Amino acid sequence: MKRIAALILALSLSSFTHAADSFKVCWSIYVGWMPWAYGAEQGIVKKWAKKYGIEIDVVQINDYIESINQYTAGEFDACTMTNMDALTIPAAGGVDSTALVVGDFSNGNDGVVLKDKSSVTDLKGQNVNLVELSVSHYLLARALESAGMSEKDLTVVNTSDADMVAVYGTDDVTAVSTWNPLLSEIEAMPNSTKVFDSSMIPGEIIDLLVINTDTLKANPKLGKALVGAWYEIMGMMSRTDATGVSAKTYMAEASGTDLAGYEAQLASTEMFYTPAEALALTRSKKLVNTMESVAQFSFDHGLLGDGAPDASFIGIEMPAGTFGNTANIKFRFDPTYMQMAADGKL
């Protein structure tokens, strides 16, 4: 009996060890996150995982918010998301999360489009379709602010990103706030005008790979593998030769466009192809100011939880300073692994 019990224990420990060495990362379609699709398909992520003796499964989720919800629920160890959504979904839900990779910021990739109208002031009285309480909502609020308006001047209609292009094609929908590649498709439709975009608020919508903080602390090899894979992909993607063209062509097709379309999206994205570029933003005082602005918007819209008394309820830890409650830090920008990549120590 003891031998059987020992065997069962050994098998249990073996299963636990295997589980601890296997990780799952999810992503959704967006110009700045297509490199994960390429890295998975080309075996780059697998190569870096093998280097550190682990397994990493990279999974596409068609619905962006659903991908974050699944990460928050613990179904994935890491997930692509923006700075605001990292604060308002996992962090606000009590899941301590870390921005492992600061990949880019939107520099025109998020926009507000009107049908048969041409200015932000024309939003007055309209229904605006968007993924409610996402960065698209934040962008709309910033657009209205620029025109001396507020959300009281219109009606927000919550719409999944998976349905955005289709609903805009109907007669009833006349205004949307969304991101690429959906934005490009919508903007190309007849009588459509982009009246505001993220280039007017540079550095405020940041695209990240976010990882569970406890998982990262327990498994630094996961952080090293993911960051190592990312910057290998960035090195290939930023090349102008056949390798670079092939990489971007794959990313284009995987996101439902062609190379020219993908290049157009990249043109409105401030990609950080090197860790040094990412570190500059991560360590900047501007990031602290941006996250304070994002936290205020989030509080104003009830996104920090019912018990949040103000915008500083959740602590956000950054190299240049912490905004919010230092006793309740749930969102962190950690430059450790990007610095390792910069120093060639991965």
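**Reading pockets, cavities and burial**

Modeller: Let's start with the second largest pocket, which has a volume of about 180 Å³. This is a predicted model, in which local features need pLDDT of at least 70 and side-chain atom pairs count only at pLDDT 80 or more, while totals for chains, interfaces and linings use all residues. Residues are numbered from 1 along each chain as its sequence is written, and side-chain values use heavy atoms, with hydrogens and water left out.

Colleague: How should I read a pocket, and which residues line the second largest pocket?

Modeller: Rolling a probe the size of a water molecule over the atoms shows where empty space is left. On a 1 Å grid over the protein atoms alone, a pocket is an open set of points with protein on both sides within 12 Å along at least five of seven lines, a cavity is a set where a 1.4 Å probe fits but cannot get out, and lining residues have an atom within 4 Å of a point. A volume is the space filled by probe spheres set on the points, which are joined across faces, edges and corners. Here, the lining of the second largest pocket is made by Ser 28, Ile 29, Gln 60, Ile 61, Asn 62, Asp 161, Ala 162, Trp 179, Pro 181, Leu 182, Glu 185 and Ser 255. By class, that lining has 6 nonpolar, 4 polar and 2 charged residues (Ala, Val, Leu, Ile, Met, Phe, Trp, Tyr, Cys and Pro count as nonpolar, Asp, Glu, Lys and Arg as charged, and the others, Gly among them, as polar).

Colleague: And what volume does the largest pocket have, and where does its lining come from?

Modeller: The largest pocket has a volume of about 220 Å³. Its lining consists of 13 residues, with Ala 141, Arg 142, Glu 145, Phe 297 and Asp 300 nearest the centre. Two helices, α6 (135-146) and α14 (285-300), are the elements that give two or more residues to this lining. The largest share, 5 residues, belongs to α6. Sorted by class, the lining of the largest pocket holds 5 nonpolar, 4 polar and 4 charged residues. Helices (H or I, at least four residues) and strands (E, at least two) are DSSP runs, numbered from the N terminus.

Colleague: Which residues line the second largest cavity?

Modeller: Around this space of about 30 Å³ you will find Gly 32, Trp 33, Trp 36, Thr 80, Val 101, Gly 103, Asp 207, Leu 208, Leu 209 and Trp 230. Strands β4 (97-106) and β10 (206-212) are the elements that give two or more residues to the lining, and β10 gives the most, with 3 residues.

Colleague: Is Thr 80 buried or exposed, and what does it touch?

Modeller: Buried means under 20% relative accessible area, exposed over 50%, and partly exposed in between (1.4 Å probe, protein chains only). Thr 80, in strand β3 (residues 78-82), is buried, with a relative accessible area of 0%. Beyond residues up to four places away in sequence, Thr 80 is in contact with residues including Trp 33, Trp 36, Leu 208 and Leu 209 (contact means heavy atoms within 4.5 Å).

Colleague: Trp 36 sits in helix α2, so why is that helix called largely enclosed?

Modeller: Helix α2 (residues 34-41) is largely enclosed by the rest of the structure because 6 of its 8 residues are buried. The buried ones are Met 34, Pro 35, Trp 36, Ala 37, Tyr 38 and Gly 39. Just after α2, Gly 43 takes a positive phi of about 80°.

Colleague: What share of the whole chain is buried?

Modeller: Buried residues make up 52% of the 346 residues. Among contacts with a separation of 6 or more, 76% join residues 24 or more positions apart. The secondary structure comes to 15 helices and 14 strands. The chain is as compact as a globular protein of 346 residues, because its radius of gyration is 21 Å, close to the 20 Å from the globule rule (taken over C-alpha atoms; the rule is 2.2 Å times the number of residues to the power 0.38).
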